[in-house]
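Take a moment with the sequence and the model before reading on.

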Amino acid sequence: MSPNLVYVVVIGVLFGAGVSLLLERTLTRVLIGVVLIGNGVNVLILMGGAYGTPPIIGEAPVEGMSDPLPQAMILTAIVITLGITAFLLALAYRSWQLLGHDEVQDDAEDTRIIELAERDEIPHAKESETEDLPSPVYDAGPGWAER
Amino acid sequence: MSFLVPLPVIIPALGAALTLMMARRPGAQRAVSLTALTTTLVVSSALLVVTAAEGPQVVAVGGWPPPLGIILVADKLAALMLVVSTAVTLCVLVYSIGQGSADGDEETPLSVYHPTYLALTAGVTNAFLSGDLFNLYVGFEILLVASYVLLTLGSTENRIRAGTTYVVVSLLSSVIFLSALGLVYAATGTLNMAQLAGRFDELPDNLRLLLQGMLLLAFGIKAAVFPLGAWLPDSYPTAPAPVTAVFAGLLTKVGVYAIIRTETLLFPDGRIADVLMVISLLTMVVGILGAVAQSDIKRLLSFTLISHIGYMLFGVALASEAGLSGAIFYIAHHITIQTTLFLAAGLVERRGGTTALDRLGGLGRIAPLLSVLFFIPALNLAGIPPFSGFLGKLGLLQAGVDESGPLVWAVVAGGVLTSLLTLYAIGRVWNLAFWRAPHPDLPRADDDSEGSTVLLPKLMVAPTFALVAFSVALTVVAGPLFGITSEAAADLLARTPYIEAVFPDGAP
């Protein structure tokens with residue numbers, strides 16, 4: 001059984017478009033990307049089974065039937081994608097409610113460590129003056145010295 | 001006794017449905033969750049006894065004989081994982097009930113919590129028991145979707161931020177997994193793992209390598225191995241303490257379990273053993289270096305979590321009986337310890353109001369019981385004798401030394417280094433949070449004002465204590481436990497017990 005070219009092209013386009021959307025920072029675009037890739041995967045699974053007449057006994061000879069298992073798997077996958085789409089939409093909406101946008105943000109803790117690195121400081125060098133950069137007082141903390 | 005096999009999936013799933021219907025009656029919800037998980041624990045223990053005595057148990061779900069229908073298979077590995085994970089989930093449930101009632105149930109919307117928590121358990125047990133790759137995918141999806149909800153409980157700004165990263169990364173791994181399934185089915189015409197074991201041997205080498213790579217990538221993201229684990233320390237610590245604890249204990253280990261299962265059953269030729277060695281070394285060393293740089297207990301623990309996944313991967317890469325046995329023992333140990341530490345961190349957060357190391361101090365003097373609850377699992381994690389962490393690492397490193405080759409020795413050296421650095425990281429937490437003079441902002445031990453956090457709720461302390469006791473018990477029963485894990489490892493390597501249990505008349 002050789003793969004159907006139309007399927008292959010469709011899968012390629014869906015995956016390509018989906019991946020480029022996944023790389024965006026906006027959650028809504030990520031969501032559309034996930035949906036596109038999800039459909040691409042569905043077509044991919046469909047391509048894995050035999051093609052033929054509807055797999056209903058009595059309607060057609062057994063030899064020429066299509067493979068029903070990929071269709072069952074796709075149904076499951078569709079249901080899962082539906083649930084995840086709903087969740088992602090809620091997440092994007094909540095993010096917009098709280099922050100006014102739905103962009104995937106940087107890790108605050110990572111940012112702090114990067115800033116320390118840029119200033120060429122090790123975390124326990126000294127107390128930080130800025131409010132938003134609480135200095136982690138390590139072994140040289142005041143309480144430690146008292147002991 | 002094979003009727004026991006589906007119960008660990010059905011009971012929590014039923015419990016989830018029941019608790020969802022009782023959304024307005026928190027008391028009934030708690031009773032149902034506790035009953036469901038206790039029963040699951042009993043059933044899982046029975047399964048372990050049965051599989052140890054009679055070999056793998058198989059159930060064809062829906063009455064369709066394999067390979068037509070989905071099957072559930074409980075072998076020694078799956079049963080052992082079930083027992084440990086259910087015991088841990090039960091303890092964390094009690095802890096979360098304690099926390100919920102102490103907080104007046106305001107912070108966590110409990111009506112969602114119980115159904116999702118039970119669904120998560122059902123997903124985990126389904127993944128452990130699945131004898132079919134597609135059902136494994138479904139198990140992963142159940143536990144992932146439940147984990148999305150649990151991670152964003154209350155949908156505060158911080159949790160939405162962390163949850164977004166987590167959800168997108170997990171989706172990516174799911175998509176890779178599902179694509180791999182499509183390709184596997186196209187190449188072999190089956191997804192039944194026992195049947196695949198035979199059919200993969202007939203595939204061309206390159207195709208098999210591609211499929212193996214895709215599956216490893218999908219499981220690697222879930223198991224948070226280097227370089228696929230960067231999402232973990234960002235997302236886990238923001239969740240409520242019990243949620244972080246159960247995630248840390250179970251979710252990554254399900255990924256490791258899937259890696260062990262597929263590597264031994266489907267791809268036993270060990271073609272990528274060297275790659276796995278390098279990955280395990282990097283996971284260990286990079287993870288623990290990350291932990292050393294952290295200034296928050298929960299984040300530090302998340303990095304040690306990633307780091308120690310490397311040990312398990314090392315055992316898988318060795319693919320010897322001793323190596324796999326050590327890896328399985330280490331999983332059991334690590335599920336318990338990591339959960340305990342996160343629960344203890346939750347208690348620290350409750351007592352001190354924070355887990356930031358610069359705002360803690362002197363807990364050893366003002367909260368001695370809490371200190372003990374943190375100290376024992378912390379030493380266990382670092383691998384101090386006689387705890388199970390030491391025994392697990394010893395087993396793995398010994399298995400490594402038995403093999404020869406510079407790469408194996410490099411990983412063994414990396415393992416020892418990681419163990420020392422874990423001790424350093426944990427020692428720093430101990431020094432800063434517990435040992436130095438008490439921080440002025442911390443509530444004193446004699447503070448009995450309204451809303452004081454000095455008295456920790458008994459229902460939070462008791463499960464933590466139970467898990468500490470369980471982890472110590474792992475040391476006491478280490479001999480018999482190593483016996484079970486060696487048998488499980490031997491079965492995994494032989495492959496025939498699993499395949500013959502599914503197809504008594506030979507694979508079609």
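Two residues are in contact if their C-beta atoms, placed from the backbone, lie within 7 Å. Helices (H or I, at least four residues) and strands (E, at least two) are DSSP runs, numbered from the N terminus. This is a predicted model, in which local features need pLDDT of at least 70, side-chain atom pairs count only at pLDDT 80 or more, and totals for chains, interfaces and linings use all residues. Residues are numbered from 1 along each chain as its sequence is written, while chains are lettered from A and ligands numbered from 1 in the order in which they are written.

Start with chain B as a whole. Its secondary structure comes to 20 helices and 2 strands. Along its principal axes, the C-alpha trace of chain B spans about 70 × 55 × 40 Å. The radius of gyration is taken over C-alpha atoms, and the globule rule is 2.2 Å times the number of residues to the power 0.38. For 508 residues, that rule puts a compact globule near 23 Å; chain B has 22 Å, which agrees.

Now pick out one helix. Helix α2 of chain B covers residues 26–54, 29 residues in number. From first C-alpha to last, α2(B) reaches 41 Å, close to the 42 Å expected at 1.5 Å a residue. The expected span is 1.5 Å times one less than the number of residues. After α2(B) comes B:G55, whose phi is positive, near 85°.

Next, see how helices pack. Axes are lines fitted to C-alpha atoms, for helices over the stretch in contact, and angles run from 0 to 180 degrees between N-to-C directions. Angles under 35 degrees count as roughly parallel, over 145 as roughly antiparallel, 65 to 115 as roughly perpendicular and the rest as oblique. A crossing is left-handed if the near helix is turned anticlockwise from the far one by less than a right angle, and right-handed if clockwise.

Find α13(B), residues 321–352. Helix α18 of chain B, residues 458–476, packs against α13(B) at about 150°, with the axes 9 Å apart. The two helices are therefore roughly antiparallel. Their crossing is left-handed. Residues of α13(B) in this contact include B:A332, B:T336, B:T340 and B:L347. Those of α18(B) include B:M460, B:T464, B:L467 and B:L474. An α-helix has 3.6 residues a turn, so residues three or four places apart point the same way. For the classes, Ala, Val, Leu, Ile, Met, Phe, Trp, Tyr, Cys and Pro count as nonpolar, Asp, Glu, Lys and Arg as charged, and the others, Gly among them, as polar. The contact of α13(B) with α18(B) has 12 nonpolar, 6 polar and no charged residues.

α13(B) also meets α16(B), residues 388–402. Their axes come within 9 Å and cross at roughly 160°. This pair is therefore roughly antiparallel. The crossing of α13(B) and α16(B) is left-handed. Among the residues that meet are B:G323, B:G326 and B:Y330 in α13(B), and B:G389, B:G392 and B:G395 in α16(B). By class, this contact has 7 nonpolar, 9 polar and 1 charged residues.

A further pair is α15(B), residues 368–382, with α17(B). Their axes come within 9 Å and cross at roughly 165°. That makes α15(B) roughly antiparallel to α17(B). Their crossing is left-handed. The contact divides into 8 nonpolar, 3 polar and no charged residues.

Turn to the loops. Between α15 and α16 of chain B lies B:P386. The peptide bond from B:P385 to B:P386 is cis, with omega near 10°. The loop between α8 (205–223) and α9 (232–235) of chain B holds B:P227. A cis bond joins B:F226 and B:P227, with omega about 0°. B:A224 is in the loop between α8 and α9 too. Its phi is positive, about 60°, although B:A224 is not a glycine.

Finally, look at the partner chain. The contact takes 36 residues from chain B and 41 residues from chain A. On the side of chain B, the elements that give two or more residues are α5 (133–151), α6 (157–188) and α17 (406–435). α6(B) gives the most, with 15 residues. By class, this side of chain B has 17 nonpolar, 11 polar and 8 charged residues.
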